[in-house]
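User: I would like to go through some labels used for this structure and see what stands behind each one. Please set the values against the cut-offs.

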Amino acid sequence: MKKMLINATSENQQRVAIIEGGRLLDLDVECKNQEQKKANIYKGRISSIEPSLEALFVDYGSERHGFLPIKEVSPEYFLRNPEEESDIRKLLREGQELVVQIEKEERGSKGAALTTFISLAGSYLVLMPNNSGSGGISRRIEGKERDQLKTIIDKIDLPEGMSLIIRTAGVGKSAEELACDVQWLLNYWEAIKEAAIAKPAPYLIHQESNLTIRAIREYLRNDFEEIITDNEESYSDACLYIQQVRPDFLKNVTHYQDPIPLFSRYHLEHQIEQAYQNEIRLPSGGSLVIDTTEALIAIDINSAKATTGTGIEQTALNTNLEAAEEIAKQLRIRDIGGLIVIDFIDMTSSENRLAVGERLRESLKKDRARIQLGQISKFGLLEMSRQRLKGALNTSTQTPCPRCAGKGTIRSIESLSLSIVHLIQQAAIRETGLLLHVHTPVDIATYLFNEQRSTIEHIEKHTGNKILIVPNPRLLSPQYKILEAKKNSLGTPSYKLSKNLKIESPNAFNTPFQTEKQRSQEEPAISNFLKPTPLPRK
């Protein structure tokens, strides 16, 4: 049986872990300074229309405008009949206001993916108030339970143009209980429509629930035996929500008050720390390395110190089987999405390749995400794609390295120093009478002072400009800055120049690296979405 552990004692971070037999199965981490926007509802304004992309860009209040494909625009917003007019510039106009919901969070340089087809998650079902063609039953519900829910759906009176999806929490509920949930969501949809005309866009209308309630809503199934939380507020939220959806489970919600930290009690910290590493050791001695690129995720399996097999083929098979299970686990915990390429250790036997592929397929059945899986090629490569369910662990808890800008490597002292010399030369030949301040890290300055001294003197002699090398202990390779001034402006002693260089903004340097901007938390126009839903009287 599984357990849900909720660690909310830190003011800056909340964590939810799903465990089974002491083994970490899934992990959610939410940081206070990382605003979660998925499923939030905004009133936005069309900022631009791009016919070449068949999409719109929408200003919904974020620094980056959201991306809205034309297929995700509800017909109610079209100015003309789309069957008679194909030019999207005539179907919609810039400045037009619409209600949008975030489907995918901002990631890297990409803005959020938006939709105008709203989804409202209730206790037992999801209501789609402006989409009549997407109803159904959760794919996790099978057999007789699915047939029973199909019968119940037909009894629910739903307004025209709407649809609903029965969630797994709706299994075993009566038609009256589901109808009560529908009515509450319909009332909430009316509140959203009223809030959407309150003031001009952009602004936040509805904010998704906190991590405690989201985790219980998404994970809680019949195979859970207990929910344990170490925070009083989180405990109250959990009890309130459980009272709505599964009153019989309320006795299994525990407020943990032991002085030993909750995650330490269950020996989870080491397992969680592995999720932040790019290399993971396997029990047999092998390892797998996970590397993130702009286009895809590459996973490489190495035999390393693995010697468990009777031969090279058996060793490769054993290591690949272990790696298949660990990969499925890491994909869940890190919530890795997109295209994934796995480089298994080469195996000559086609039966072994099929066995490894089947082990991976079986291990992925525990994953809630939609997954497409290919076959292992003769080169040992397997391609797969995975739906991202939430903000990936590395994007919510990590930031690009300020030295390498997330690349993993930096240029050598010699290479960077020579490039700086070329840039000095280029700046010097453009104009005479200049004083060039070259701010560099101490090791770069040392190389320029010694190995490149004659070259710099040669540039000064032939251009008539003066070059001042300023070692700056506050800079780290590969950061540097070349500033131009007039010769007659020399008044500050050179040893003070490094103190005068402003380094508040990393973008001021030639090496680009990112800083995280702190933004104030926006208050939604409608709050308290998850209120106690009164159960129908019997």
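Analyst: A search of the whole structure finds two aromatic pairs. The model is predicted, so local features need pLDDT of at least 70 and side-chain atom pairs count only at pLDDT 80 or more, while totals for chains, interfaces and linings use all residues. Residues are numbered from 1 along each chain as its sequence is written, and side-chain values use heavy atoms, with hydrogens and water left out.

User: What makes Tyr42 and Tyr60 an aromatic pair that is edge-to-face?

Analyst: Their rings are 4.9 Å apart centre to centre, with 65° between the planes. Rings of Phe, Tyr and Trp (its six-membered ring) pair if their centres lie within 6.5 Å; planes under 30 degrees apart count as stacked, over 60 as edge-to-face and the rest as tilted. The distance of 4.9 Å therefore makes a pair, and the angle of 65° makes it edge-to-face.

User: Why is this pair said to tie parts together?

Analyst: Tyr42 belongs to strand β4 (residues 41-50) and Tyr60 to the loop between β5 (55-59) and β6 (66-69), so the pair ties together parts 18 residues apart in sequence. Strands here are DSSP runs (E, at least two residues), as are helices (H or I, at least four), numbered from the N terminus.

User: Are Tyr42 and Tyr60 buried or exposed?

Analyst: Buried means under 20% relative accessible area, exposed over 50%, and partly exposed in between (1.4 Å probe, protein chains only). Tyr42 has 2% and so counts as buried; Tyr60, with 1%, is buried.

User: What is the geometry of the pair formed by Phe57 and Phe67?

Analyst: Phe57 and Phe67 are edge-to-face, with 5.6 Å centre to centre and 65° between the planes. Phe57 is in strand β5 and Phe67 in strand β6, 10 residues apart. Phe57 is partly exposed because its relative accessible area is 26%, and Phe67 is partly exposed because its value is 29%.

User: How do you know that Lys199 lies over the face of Tyr203?

Analyst: A charge sits over a ring if NZ of Lys or CZ of Arg is within 6 Å of the ring centre and within 35 degrees of the ring normal. Lys199 is at 4.8 Å from the ring centre of Tyr203. Arg368 likewise lies over the face of Tyr219, at 4.5 Å from the ring centre.

User: Which residues does Gln36 touch, and where is Gln36 placed?

Analyst: Gln36 is in the loop between β3 (23-31) and β4. Leaving aside residues up to four places away in sequence, Gln36 touches Glu30, Glu105 and Arg214; contact means heavy atoms within 4.5 Å. Its relative accessibility is 23%, so Gln36 counts as partly exposed.

User: How do you know that β16 and β17 pair?

Analyst: Two strands pair if DSSP finds at least two bridges between them. Strand β16 (residues 279-281) and strand β17 (residues 287-292) have three bridges and are antiparallel, so they pair. Ile280 stands opposite Leu288 in β17. The two strands form a hairpin with five residues between them, and Gly285 in the turn has a positive phi of about 110°.

User: How many bridges join β17 to β18?

Analyst: Six bridges join β17 to strand β18 (residues 297-302), and the two run antiparallel. Ser287 has Asn302 as its bridge partner in β18. The hairpin from β17 to β18 passes through four residues.

User: What makes β23 and β24 edge strands?

Analyst: Three strands form an open, mixed sheet in the order β23-β22-β24. Strands β23 (466-471) and β24 (481-486) each pair on one side only.
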